[in-house]
Amino acid sequence: MVPTTSTLSPSSSHHSALVGEQRHAMKVGGTAFLWLSFQTLGIIYSDIGTSPLYVLNGIWPSGGPIPSKEDVIGGVSAVIWSLALVPLIKYVLITLRFGTIEGEGGTFALFHGIFPPEYHSPDDDRTLTGGSALDKSVSTQSSAERLAPLKWVLLPWAFLVPLFLVQQFGTHRLAFAFGPITCIWFLLLAGTGIANIVSYPGIFRAFDPSRAIMLFVRTRNYDYLAGILLAVTGCEALFANLGQFTMGSIQLTFAAFVFPSLVLAYLGQGAKLIADPENIIENVFYASIPGGRGSALFWIVYVVAILATVSWSSPMITASFSVVQQLINFRSLFPLRMVYTSEVVQGQIYIPTINYLMMIGTIALVGAFQNLTNLTNAYGFAVSTVMIITTTLVALQCHYVKMLPWIVAVAFFVIFGFIDALFWGASLKKVPHGAWVTLMLGVLM
């Protein structure tokens, strides 16, 4: 299939030919549905799926004090319940149902639903929310710093250029390439998690949410939330990339495969940290691999982790193309050359100019932020802010678009707004330590 190109403009002949046609959400079944579900693994879950690499060390740094058994159980409980409440319930079970009639998702789609634009055509319906250069910067810095248990030096720039160059091949081809890698990665997370749980079966007490609450009551350490937030980064991509797949395909893969694998991984890491804290705390993920460093399984996990992390930013890059398209549809940006990379899924596009501008911006951020912690703080603040915006827009849509009782909208806003506010408050404390970049970029834009 040869990609088609066009310059997106309300006055273009391409649009004129399509006026009057109505695009609807894609519906597939059978083997096509299963194949589309498999493709979501390679595009949507790379970010949230690689979080086990660093979340527990984000809560308890390697140079800090060793946490107690109850603290570990409480921390793992907070991570598990954050995954259940935010990605699973808020996004997968609820927010995915608030896509447009054309099947698009993201914050711009929610805004579109509340304030529909006057001009409408099928091409205007591709509506996603985008990430930023911060996401790509964090992933590449993380590849260099966190994927080096043997103190190897990896240049972040070695990941950046190929990551952007392959975008021209389209979402479906990237999904075909990254899908098997991500699938193997989640199987490894689940398998190693099960093996590690044996070392301390009492870790199952983390399913009790009161353990998470008591962690903060006992320690009074609000900063733990900044580390726990890292477990849910990437949740916005579940909704943002709705237009490139379907609600059912995302719900199936996350609820039946991704979520259980992540839970098992965190339970296993927590069990090993309790059983052998002195040796595990240095690098919880790699030190907890069964067989230890130098074993065959260690190298398999190490290589797959690198490959999975390389694909980390794919969901935000593809979503960034669509958010630019949405700006053009609102006539807030001049027309740009676009490449339609799929003849089946209309939401799959590629914008060369935006791709290379993002690459330059990401490289600049990586060069400016030599400290991964500061860069992570900036990214966490951006993620938590978008989470609050999504909660607010969904609550408004509940009453004004879906015509649900106002009590439903209020309940959604209070419950999930409270959770988002907790994460946002923890991130706000990081403004002097890197999160100020997010504020600066927001003001400039």
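1. In this note, a helix is a DSSP run of H or I at least four residues long, and helices are numbered from the N terminus. The structure discussed is a predicted model. The chain holds 21 helices and 3 strands.

2. Some totals describe the chain as a whole. Of its 445 residues, 56% are buried. The accessible surface amounts to about 17,600 Å², and carbon and sulfur atoms account for 70% of that surface. When contacts between residues at least 6 apart in sequence are considered, 84% of them join residues at least 24 apart.

3. On the α5 side, the contact involves residues including Lys 69, Val 72, Ile 73, Val 76, Leu 83, Pro 87 and Leu 93. On the α13 side, the residues include Gln 251, Phe 254, Phe 259, Leu 262, Tyr 266, Gly 270 and Ile 274. By class, the residues of this contact are 20 nonpolar, 2 polar and 1 charged.

4. The largest nonpolar core comprises 94 residues. Within this core, Tyr 45, Val 55, Trp 185, Ile 203 and Phe 254 have the most contacts. Helix α13 gives the most to this core, contributing 13 residues. As background, nonpolar side chains tend to be buried together in soluble globular proteins.

5. Leaving out residues up to four places away in sequence, Trp 185 touches Gly 49, Thr 50, Leu 53, Phe 285, Val 301, Val 304, Ala 305 and Ala 308.

6. Ser 51 is placed in the loop between α3 (46–49) and α4 (55–59). Residues under 20% relative accessible area are classed as buried, so Ser 51, at 0% relative accessibility, counts as buried. Apart from neighbours within four places in sequence, Ser 51 is in contact with Leu 230, Ala 231, Thr 233 and Tyr 266. Ser 51 and Thr 233 are separated by 182 residues in sequence, yet their C-alpha atoms are 7.8 Å apart.

7. Thr 107 lies in helix α6 (residues 107–114). With 12% relative accessibility, Thr 107 counts as buried. Thr 107 and Glu 236 are 129 residues apart in sequence, while the C-alpha to C-alpha distance is 9.1 Å.

8. Arg 220 is not a glycine, although its phi is positive at about 55°. Arg 220 sits in the loop between α10 (209–219) and α11 (224–229). Exposed means over 50% relative accessible area, so Arg 220, at 73% relative accessibility, counts as exposed.

9. Met 403, likewise not a glycine, has a positive phi of about 60°. Met 403 is located in the loop between α19 (372–400) and α20 (406–428). The relative accessible area of Met 403 is 63%, and Met 403 is exposed.

Methods: Residues numbered from 1 in each chain as written. Predicted model: local features only at pLDDT ≥ 70, side-chain atom pairs only at ≥ 80, totals over all residues. Heavy atoms only, no water. Contact = heavy atoms within 4.5 Å. Helix = DSSP H or I, 4+ residues; strand = E, 2+ residues; numbered from the N terminus. Nonpolar A, V, L, I, M, F, W, Y, C, P; charged D, E, K, R; others polar. Buried < 20%, exposed > 50% of the residue type's maximum accessible area, 1.4 Å probe, protein only. Areas by Shrake-Rupley, 256 points an atom, 1.4 Å probe, with all protein chains shown as cover. Core = buried A, V, L, I, M, F, W, Y, C linked by side-chain atoms within 4.5 Å.
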